[in-house]
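Hi there,

Here is the structure I promised to pass on. Please have a look, and my notes follow below.

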Amino acid sequence: FMRDLKQVYRADTKDLAELALQDLADKWEAKYPIVIQSWQNNWEKLTTYFQYTPPIRKLIYTTNAVEGYHRQLRKVTKTKGAFTSDMALLKLIYLATTNIEKKWTSPLQNWALTVQQLAIRYGDRLPLDLTRNHEK
């Protein structure tokens, strides 16, 4: 199912995405009727990101920091049956967060291209310092 769903949101154009959604519905609607109906009912809202260039769209559908952070916390806490106190849980979350933060320093793939395109579109909110020397 997920492979077919990716064909929808990774399509090159909104029209191709719509065709992929129809293929998805034909194949999976019997098993996942609520999911398919939700996509169809919210199609115009879900596809507004097609107004952006492919690198920006990839940034939109592949990075959700809050969901990623919650997923990492669930990975750490799901194996624990119970906590002796709220403080024990808080300490575990704190330690997990310090480990998770180490991964936040990695630049996104093709970030230079993506940030340039964002600056073109939203230059007033995302000014780039073109005078800064980035060589080491």
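**Confidence and fold**

The mean pLDDT (the predictor's confidence in each residue, from 0 to 100) of the protein chain is 84, and 90% of the residues score at least 70. Confidence is highest in helix H2 (residues 14-28), at a mean of 95, and lowest in helix H5 (residues 54-62), at 76. This is a predicted model, in which local features need pLDDT of at least 70 and side-chain atom pairs count only at pLDDT 80 or more, while totals for chains, interfaces and linings use all residues. Residues are numbered from 1 along each chain as its sequence is written, and side-chain values use heavy atoms, leaving out hydrogens and water.

The protein chain has eight helices and zero strands (DSSP runs, H or I of at least four residues for helices and E of at least two for strands, numbered from the N terminus). Of its 136 residues, 24% count as buried (under 20% relative accessible area, with exposed over 50% and partly exposed in between; 1.4 Å probe, protein chains only).

**The loop between H7 and H8**

Lys103 sits in the loop between helix H7 (86-101) and helix H8 (111-121) and is exposed, with a relative accessible area of 56%. Together with Arg71, Arg74, Lys75 and Lys78, Lys103 forms a positive surface patch (residues with over 30% relative accessible area and no salt bridge, like charges joined within 9 Å; a salt bridge is a side-chain nitrogen of Lys or Arg within 4 Å of a carboxyl oxygen of Asp or Glu).

Leu108 is also in the loop between H7 and H8, and is partly exposed at 38% relative accessible area. Leu108 and Leu59 are 49 residues apart in sequence, with 8.4 Å between their C-alpha atoms.

Best wishes

Definitions and conventions: Patch = residues over 30% accessible without salt bridge, like charges linked within 9 Å, V, L, I, M, F, W, Y side chains within 5 Å. Areas by Shrake-Rupley, 256 points an atom, 1.4 Å probe, with all protein chains shown as cover. Lys, Arg positive; Asp, Glu negative; His and termini not counted. Charge placed at Lys NZ, Arg CZ, Asp CG, Glu CD.
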